[in-house]
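Student: Could you take me through one part of this model up close? I'd like to look at how charged side chains pair up.

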Amino acid sequence: MAAWRRGRDAARRRAPSAVLLALMAAALVLAAGRRLRELSTGQRRGLAAALLVLTGSVWGVASAPALPPILPAPPPDPPSPQAVAAIQAGRPTGFAVGGIDVSSHDHRRFGVHWPTEVAAGSEFVYIKATEGKSYVNPHFAADYAAAKAAGRYVGAYVYARPDLGDPVGQADHFLRHARFTRDARTLVPFVDLEWPYAGVKAGDCYNLTPQQLRAWIGAFIGRIEASIGRKPMIYTNTYWWNPCTGNDPSYGSYPLDIANYSAKAPKLPAGWTTFALWQYMPGDPDRAHSHDRDVVNGGPAGLRALAWPPP
């Protein structure tokens, strides 16, 4: 806390005392005026000393130096014209509505510059909330609030860890932190099912057979669906899903966020005939304004379909 704030608070605490002292001083003056002649010389001197102490305290408070004003926070930097132009030019042809998905990695150096994202037409944001049964993204709450304040559609996602087992426990941990609400600006959660990242000591399919992985995914997604009252979205890549699940076609009716870093329409995993989102570009946390970038299939109507109510 700044020193001037402590001084301000102390002055506010002293204010009632100053009023009380003033009243006491006035009472003594009145009493003195009525009975001064009845007092001895010593009593008169004591009364004068008391009045000096009381009035000195009152004037001491009243003459305290003025407190500095509370200054507003500085405004954010304006949008970067170069970044806005690059974001807009980089979207695949025919997809007008774009957005981003972010995690703690996006804060390694630069964070998210919301004025630039708004100016570039990034209409939605997905934010990683949890992983496993204990990890919570330390930037989730701040990013979620900032995205809402910027007027974006906002959703949470979970990075699935089949190697850690307990699909229901992982789903429950996510649901406790996802901030899912049934409104027109909160997006359906998505489940990130893909290759393990560097540092996860597991094979491409988390050391599970296709049958074991299908059972884990079913329990995990089933728990989320039962809780939120609609099908969550699945984020995956065709070249992970098909070999790891044994070409499981069971989730073709679930919205799909397909990861495919190409300018051409992506190849879809087994079971799906269309996609809801297409992650067409990966982010680089060591570069400003570089985040995982997505487009919506179906434009504004396609984006609204991922919020409440479900289509």
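Predicted model: local features only at pLDDT ≥ 70, side-chain atom pairs only at ≥ 80, totals over all residues.

Tutor: The partner of Lys-133 is Asp-166: their side chains meet in a salt bridge, with N and O 2.9 Å apart. That pair links distant parts of the chain, since Lys-133 sits in the loop between E2 and strand E3 (135-136), while Asp-166 sits in the loop between E4 and H6, 33 residues apart. Asp-166 is partly exposed too, because its relative accessibility is 35%.

Now look at another pair, Arg-161 and Glu-131, whose closest N and O atoms are 2.8 Å apart in a salt bridge. Arg-161 lies in the loop between strand E4 (153-159) and helix H6 (167-177), and Glu-131 lies in strand E2 (residues 122-131), so this pair ties together parts 30 residues apart in sequence. Here the side chains are tucked away: Arg-161 is buried, with a relative accessible area of 11%, and Glu-131 counts as buried at 8%. These two also belong to a network of salt bridges that links Lys-128, Glu-131, Arg-161 and Asp-163.

How many salt bridges does the structure hold? There are eight. One of them joins Arg-293 and Glu-117, at 2.8 Å from N to O. Arg-293 is in strand E9 (residues 292-296) and Glu-117 is in helix H4 (residues 114-119), so that bridge ties together parts 176 residues apart in sequence. Both Arg-293 and Glu-117 are buried.

Technical notes
Residues numbered from 1 in each chain as written. Heavy atoms only, no water. Salt bridge = Lys/Arg side-chain N within 4 Å of Asp/Glu carboxyl O. Helix = DSSP H or I, 4+ residues; strand = E, 2+ residues; numbered from the N terminus. Buried < 20%, exposed > 50% of the residue type's maximum accessible area, 1.4 Å probe, protein only.
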